[in-house]
Amino acid sequence: EMEATAELLTRQRKELPVAKEQQQLRQEERQTNELRNLLERRKREHASLVAQQHELHQKHQLIRAMQSDDIVAVSALKTTAPPEKHSWAASLLKDRKLSSG
């Protein structure tokens, strides 16, 4: 019985570092995933801000062109400006309003 207990303790002593290492690995993987998710969110936020800045710049250019009566520039800016809203989303909302009304 003493030998069995000694053998059990020896085996547990060998397994303990492996279990700790596995736990540490899982924790590091969790942290890596959290950082990856944070990075992706920050990339999306950055892309959104860049798009907003571009739109604001386009609007200011259009205003300046209109104030200076530059018809050619106004026409060019109006044709290159992105739509204010998503066209597919607006069409879905219109379809929903028509079917419910």
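A residue is taken as partly exposed when its relative accessible area lies between the 20% under which it would be buried and the 50% over which it would be exposed. By this criterion Arg41, at 39% relative accessibility, counts as partly exposed. The model in which this residue is described is a predicted one, with a mean pLDDT of 81 over the chain and a score of at least 70 for 78% of the residues.

The chain contains three helices and zero strands, so that its elements, read from the N terminus, follow the order α-α-α. Confidence is highest in helix 1, at a mean of 90, and lowest in helix 3 (residues 87–100), where the mean is 57. Of the 101 residues of the chain, 4% count as buried, and the chain exposes about 9,700 Å², of which carbon and sulfur atoms supply 57%.

After helix 1 comes Asp69, which has a positive phi, near 55°.

Four salt bridges are found in a search of the whole structure. One of them joins Lys43 to Glu40, with the closest N and O atoms 3.8 Å apart; the two residues are three positions apart in helix 1 and are therefore separated by about one helical turn. Lys43, at 46% relative accessibility, is partly exposed, as is Glu40, at 35%.

A further salt bridge is formed between the side chains of Arg41 and Glu45, at an N to O distance of 3.7 Å, and because these residues are four places apart in helix 1, about one helical turn separates them. Glu45 has a relative accessibility of 37% and thus counts as partly exposed. Arg41 and Glu45 are also linked with Arg42 in a network of salt bridges.

The side chains of Lys59 and Glu55 likewise meet in a salt bridge, with 3.5 Å from N to O, and both residues lie in helix 1, four residues apart, or about one turn of the helix. Lys59 is partly exposed, with a relative accessible area of 37%, and Glu55 is also partly exposed, at 29% relative accessibility. In general, an α-helix has 3.6 residues a turn, so residues three or four places apart point the same way.

Conventions: Residues numbered from 1 in each chain as written. Predicted model: local features only at pLDDT ≥ 70, side-chain atom pairs only at ≥ 80, totals over all residues. Heavy atoms only, no water. pLDDT = per-residue confidence, 0-100. Buried < 20%, exposed > 50% of the residue type's maximum accessible area, 1.4 Å probe, protein only. Areas by Shrake-Rupley, 256 points an atom, 1.4 Å probe, with all protein chains shown as cover.
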